[in-house]
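User: I have a chain open here and would like to talk it through. Could you start with the overall picture?

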Amino acid sequence: MFNVNVLALSICTREAYQSMKERKDPEKAAATYEHIKCLKPEDVAEAVIYVLSTPPHVQIGDIQMRPTEQVT
């Protein structure tokens, strides 16, 4: 399907890090995302498809994604 040379593709979510950090207080963790429209798996999948769809002469260094409502 794709004719690309991908050396590495690493997906790491902040939510996984945040969940580990707040594991001791599930209510606090849930309240963090209560009023934020979080990224969906489809959002991340579209970014992966974008990377794989670029021409061979294009190098993608980094893509950082976060909800627009997330402050940091």
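Analyst: Of the 72 residues of the chain, 12% count as buried, where buried means under 20% relative accessible area, exposed over 50% and partly exposed in between, with a 1.4 Å probe and protein chains only. This is a predicted model, in which local features need pLDDT of at least 70 and side-chain atom pairs count only at pLDDT 80 or more, while totals for chains, interfaces and linings use all residues. Residues are numbered from 1 along each chain as its sequence is written, and side-chain values use heavy atoms, with hydrogens and water left out.

User: ok, how many helices and strands are in the chain?

Analyst: The chain has three helices and zero strands, taken as DSSP runs numbered from the N terminus (helices H or I, at least four residues; strands E, at least two).

User: Switching to C38, where does it lie?

Analyst: C38 lies in the loop that runs between α2 (26-33) and α3.

User: And why does C38 count as partly exposed?

Analyst: Because its relative accessibility is 30%, C38 counts as partly exposed.

User: Which residues does C38 touch?

Analyst: Leaving aside residues up to four places away in sequence, C38 touches Y33 and P67, a contact being heavy atoms within 4.5 Å.

User: What about contacts across the chain, what share join residues at least 24 apart?

Analyst: Counting contacts between residues at least 6 apart in sequence, 57% join residues at least 24 apart.
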